[in-house]
Amino acid sequence: MLKFLNMLLGSGKQQGQSRDDDAVKRKYEYFKSLLIKNNRSLEILTELEHLLFENKPFTLDHVLALSEDLISLVYDLAEDLNALSGGKYPGLFDATERLGVTVLKDLVHRKRIKKGELLLPMRALSAELADEVGGKAANLGEVGNRAGLPTPRGFAVSAYACQHFLKTTGLSERIERRMKRIDVKDTEKLMEICEEIQAMIMAAPLPEELSRGMARLMEELAELFGPEVRVSVRSSATCEDSEATFAGQHSTVLNVSAQNVDRAWKEVVASTFSPRAVYYRRSMGYSDDDVVMAVLCVTMIDARASGVMYTCDPNGPGGPRREGDDDILISAAWGLGVSVVDGSASTDFYAVRRKDSALVRHDVAKKIHRLRLRTEDGIREEAVPEAERETPCLDEAKIRQLAAYGVRLEEHYGQPLDIEWAQDQSGRLFILQARPLGIGHGAADECSLTPEAEPLHGREVALRGGDMAAPGSAAGPAYILTTDHNLPAVPQGAILVARQTSPTYVPVMDRIRGIITEVGSVTGHMASVAREFGVPTLVGLDNATLAIEQGEDITLDATSRIVYRGIVPELIRDKPCVNLMKGSPVYKAAQEALKRMAPLTLTDPKADNFSPEGCRSLHDVIRFAHEMGMREMFNLGDEMEDTEGAVRLRAGLPLNILVVDLGGGLTPTAPKKVVELEHIKSAPFQGLLHGMTDPGVRWLGGVGVSLTGFATIMAESIMSDPNADGSLGGPSYAVVSDHYLNFNTRLGYHFAVVDSYCGPSINDNYIVFSFKGGAADIARRSRRAKLIAQILKRLAFKTEIKGDMVRGEIKKYSQTDLKQKLDMVGRLLGAVRLLDMLLSDDGQIGWYVDEFFKGNYAFERHGDEPQPPPQQDSLV
């Protein structure tokens, strides 16, 4: 529209009326600016909505930057409209400022660590102190001080201490600058920046008061346990061990002497910025401000055996427990438990029935190596004596005692738990950690399926066995991972096959479809993360890296514990898009801000609330500015009959179409107030109207597929009106000339623009079509956009799609062919107007596309014709 209007309005002539050249040009410049900013504002709105809909990580800084851009654009829109109208709408500035301030308040609110103690002894800790000392330290204090179970002694270094360290050393600003450059999908760059930040932290000096405080508390431990006391320095970041487990994402430094506690503390703080930790928190919706590192220092247990306990099966259904789902699951290994949680060693596995403490599963692994304390700092690996390699780590009495601890803690917390434990050399059991047990996305659906007792007939089995760490099935090329340094090379859509499980795989979770490991436990850190990310995972599958070739297509059925050669289509199920960030601090902040930006309530220009004061969102301001901008530019009045620069079109359509003729768009004999179809001379408008008025296009009433539930109420409120003309939405504007059309229409909660030049010269001819909005949720609106895009592609349009916004463009067709394309676009406008209400699944799209090209624009079903998949009642 802008290119064409530049040519026509540059002369200062409009509708045959002589105007002052400078005044007309100035007015048009404001109008042109308004249109550009209107379009860009809607693009930003779409991008913001799409962030919350797609299953991709985003940062609060990104949302804030987009929101600031949007507010600035909307304020400029208000300026352009007031310049265009001579200052008629000053209230639009107030509305924009009011809404903009609210949006920014939602987004700039940052988690602040209140000033408090730098260090707290274990005896002072409880669950209520999670904001100060993190979930791990707070929960261990709760276990020992309130639940009354044995735990190590020690102290916590608070989150405030970490914040104080980063600020006093100037690291906060330096880290923030570098973190803004991180794209977590660029694994190589992510690793590079994270290594740089970690080096900065390790090189910085500790504040004197913090160093002195840790030394004093280590002296107190030395008085209790002797001068050679050693501690485990463990991460306990804020938000860790909460809704998101952060399992294995931060560091633990074991067997640390008093003189090395300072360095170990910095190492744990630096792990906040490890590649896997940054990727994890960005994926799960936590900002850098949400995750501040508190640290837990507890006395080392010289472990005879260690492991992990789940108080229920995390892959069981989310509803009422069934037989077997409430078993207590225990993994155990000789020595320190590091090899259990990181998946580097084979483990014994026990299942204890809750109701009678019966041992229902007793799998003893061959344990070749174990981890023990060194005399100096650190740990060492040693060979397990031959006689103990296939000996159970725990006897039945200790298994039942441990299970009883698990039940007691689950009752105390009121939820299933993931518990780390250790047994010292004298046989005493200690609880080292207790946190909420993460239940995987879609676990209930997967596990409600009956596992295949036998492999599928006719399919070649590569491997069977192992343990399901995360349910589901997936197919793709195998990628054999030989070292963590190869992580950046893992291709999109691969099944990762590795020797052992490892939390370091987190940065590639968005690229892989499944995981297979030879060694690992269903209770390990990587298993927890795989369940959170919904990645099917099979662990403990012997010889996987040898039996599977690099790059060969395989199908992993983790639920049935089978790996097939080749792609097995019947096992590949489309999973619903799960947004890992949903419910996180970043997601909630963006969601609240979007409530002030995206909803459209000003849909009827004749309504009393269609005013600056009636704007309830930035989208309302955009809508108001666009409507009033069109009126001011073309001298349109509030009522149809009160128009100086436009005429009304009567076409038998339920649309209020106002036609602005820039020259040659109407016949010379056309009436001055109301014109009929025969008065339209504009070639592109003729083509569009021919399609819009096709007898098969149903503009009023329902479409062929019946609506139910809430959808019925919503749809009928939009589509049911007995009037033949002017019942849907506000005015639709058609700016025309003999070969040009800009058609702008709003139908309820969505709008469409058709911009076209259709003349005798093929090189000049084009159509640009854009569509956005709807009354349904963003998922359904986005499906309708996909449907429109598929129809446009079949019509040879080049398409772009983002969220519920779709844009199609086609160029260099003859006038006859282009009019035929416009005819189909006209039919499309009427056919898709309610489909956002109906599209509950992506699988339905193809049926509607096919029916459209059969001429079934009302999508009616006849006889034995194929029908779309069933629809759901809910729109949310």
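Strands E27 and E28 run antiparallel and are joined by 4 bridges; two strands pair if DSSP finds at least two bridges between them, and strands (E, at least two residues) and helices (H or I, at least four) are DSSP runs, numbered from the N terminus. The model is predicted, with local features needing pLDDT of at least 70 and side-chain atom pairs counting only at pLDDT 80 or more, while totals for chains, interfaces and linings use all residues. Residues are numbered from 1 along each chain as its sequence is written, and side-chain values use heavy atoms, with hydrogens and water left out.

E27 and E28 form a hairpin, with 3 residues between the two strands. Within this pairing, Val 736 stands opposite Leu 741 of E28. On to the next strand, E28 and E29 also run antiparallel, and 8 bridges join them. Leu 741 has Ser 756 of E29 as its bridge partner.

These strands belong to an open sheet of 9 strands with mixed pairing, in the order E26-E24-E25-E27-E28-E29-E30-E32-E31. Strand E26 (674-676) and strand E31 (798-802) are the edge strands, each pairing on one side only. From one strand to the next, the twist averages 20 degrees. Strand E30 (residues 766-773) pairs with strand E32 (residues 805-811) in the antiparallel sense, over 6 bridges. Phe 771 has Val 806 in E32 as its bridge partner. Helix H18 (residues 618-633) packs on the sheet, where the helix touches strand E27 (731-736) and strand E28 (740-747), and its direction makes about 45 degrees with that of E27. Contact here means heavy atoms within 4.5 Å; axes are lines fitted to C-alpha atoms, for helices over the stretch in contact, and angles run from 0 to 180 degrees between N-to-C directions.

Burial was examined for two elements of this region. A residue is buried under 20% relative accessible area, exposed over 50% and partly exposed in between (1.4 Å probe, protein chains only). In E28, 8 of the 8 residues are buried, so the strand is largely enclosed by the rest of the structure. Tyr 740, Asn 742, Asn 744 and Arg 746 point one way from E28, whereas Leu 741, Phe 743, Thr 745 and Leu 747 point the other way. Helix H19 (residues 683-692) has 8 of its 10 residues buried, so this helix is also largely enclosed by the rest of the structure. Among the buried residues of H19 are Phe 685, Leu 688, Leu 689 and Met 692. The cover over the buried residues of H19 includes strand E24 (647-650), strand E25 (656-661), E27, E28, strand E29 (750-757) and helix H22 (815-831).

A search of the whole structure finds 12 aromatic pairs. Rings of Phe, Tyr and Trp (its six-membered ring) pair if their centres lie within 6.5 Å, and planes under 30 degrees apart count as stacked, over 60 as edge-to-face and the rest as tilted. Phe 610 and Phe 624 form a tilted pair, at 5.5 Å centre to centre and with 40 degrees between the planes. This pair links distant parts of the chain, 14 residues apart: Phe 610 lies in the loop between helix H17 (585-595) and H18, and Phe 624 in helix H18. Phe 610 and Phe 624 are both buried. Ring pairs link these two residues and Tyr 89 into a cluster. In another ring contact, Arg 746 lies over the face of Phe 751, at 4.6 Å from the ring centre; for such a contact, NZ of Lys or CZ of Arg is within 6 Å of the ring centre and within 35 degrees of the ring normal.

The whole structure also holds 49 salt bridges, each defined as a side-chain nitrogen of Lys or Arg within 4 Å of a carboxyl oxygen of Asp or Glu. Glu 382 and Arg 372 meet in one of these (3.4 Å, N to O). Glu 382 lies in strand E13 (residues 379-383) and Arg 372 in strand E12 (residues 369-373), so the pair ties together parts that are 10 residues apart in sequence. Both Glu 382 and Arg 372 are buried. Asp 418 and Arg 435 form another salt bridge (3.3 Å, N to O). Here Asp 418 is in strand E14 (residues 417-424) and Arg 435 in strand E15 (residues 429-436), 17 residues apart.
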